[in-house]
Amino acid sequence: IVSGPFFTFRDAAAYCGYQHPDSFARMLREEEISLPACGPRRNRYARSVLDGFMSHPDAFRATCSARARRHAPKPVSID
């Protein structure tokens, strides 16, 4: 269940114990972790999701199929 309060990325990083948002972003990218974002712009992170992430970070790791799908090039035809 997703419940607030909702944090900006900077506040989410601080809530998770990172001193700088870039460190948090680098960890998410290198560990291939996907945190679901909320809000109309998808730029807010729910405290309940962050609590779940801190409790069980492996549950938020991208699957092999998701990684392959994300990095698959699109075929282009040149006429």
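## A tour from the whole fold to the core

Among contacts between residues at least 6 apart in sequence, 61% join residues at least 24 apart. Keep in mind throughout that this is a predicted model.

**Stop 1: the whole chain.** Show the cartoon. Follow the elements from the N terminus: the order is β-α-α-β-α-α. Of the 79 residues, 23% are buried.

**Stop 2: helix H2.** Select residues 21-30, which form helix H2. Pick out Asp 22 within this helix. Is Asp 22 buried, exposed or partly exposed? Its relative accessible area is 48%, so Asp 22 counts as partly exposed, falling between the 20% and 50% cut-offs. Arg 10 and Asp 22 sit 12 residues apart in sequence. Their C-alpha atoms are 8.8 Å apart in space.

**Stop 3: helix H3.** Select residues 47-55 and show side chains. The buried residues of this helix are Val 49, Leu 50 and Phe 53. Turn the view to look down the axis of H3. The buried residues fall within an arc of 100°, so they line one face of the helix. The spacing follows a general rule: an α-helix has 3.6 residues a turn, so residues three or four places apart point the same way. What do the buried residues of H3 pack against? Colour strand S1 (6-7), helix H1 (9-15), H2 and strand S2 (45-46): these are their packing partners.

**Stop 4: the largest nonpolar core.** This core has 16 residues. Select Phe 24, Leu 28, Leu 35, Leu 50 and Phe 53, the members that touch the most other members. H1, H2, S2 and H3 each supply at least two residues of the core.

Now centre on Phe 53. Leave aside residues up to four places away in sequence. Which residues does Phe 53 touch? Show Cys 16, Phe 24, Met 27, Leu 28, Ile 33, Leu 35 and Phe 60: Phe 53 contacts each of them.

**Stop 5: the cysteines.** Stay with Cys 16, one of the residues touched by Phe 53. Cys 16 counts as buried because its relative accessibility, 14%, is under 20%. Move to Cys 38. At 15% relative accessibility, Cys 38 also counts as buried. How many disulfides are there? The count is 0, with a disulfide taken as a pair of cysteine sulfur atoms within 2.5 Å.

Conventions. Residues are numbered from 1 along each chain as its sequence is written. This is a predicted model: local features need pLDDT of at least 70, side-chain atom pairs count only at pLDDT 80 or more; totals for chains, interfaces and linings use all residues. Side-chain values use heavy atoms; hydrogens and water are left out. Helices (H or I, at least four residues) and strands (E, at least two) are DSSP runs, numbered from the N terminus. Buried means under 20% relative accessible area, exposed over 50%, partly exposed in between (1.4 Å probe, protein chains only). Contact means heavy atoms within 4.5 Å. The arc is that of the directions from the helix axis to the C-beta atoms. A nonpolar core is a set of buried Ala, Val, Leu, Ile, Met, Phe, Trp, Tyr and Cys residues joined through side-chain atoms within 4.5 Å.
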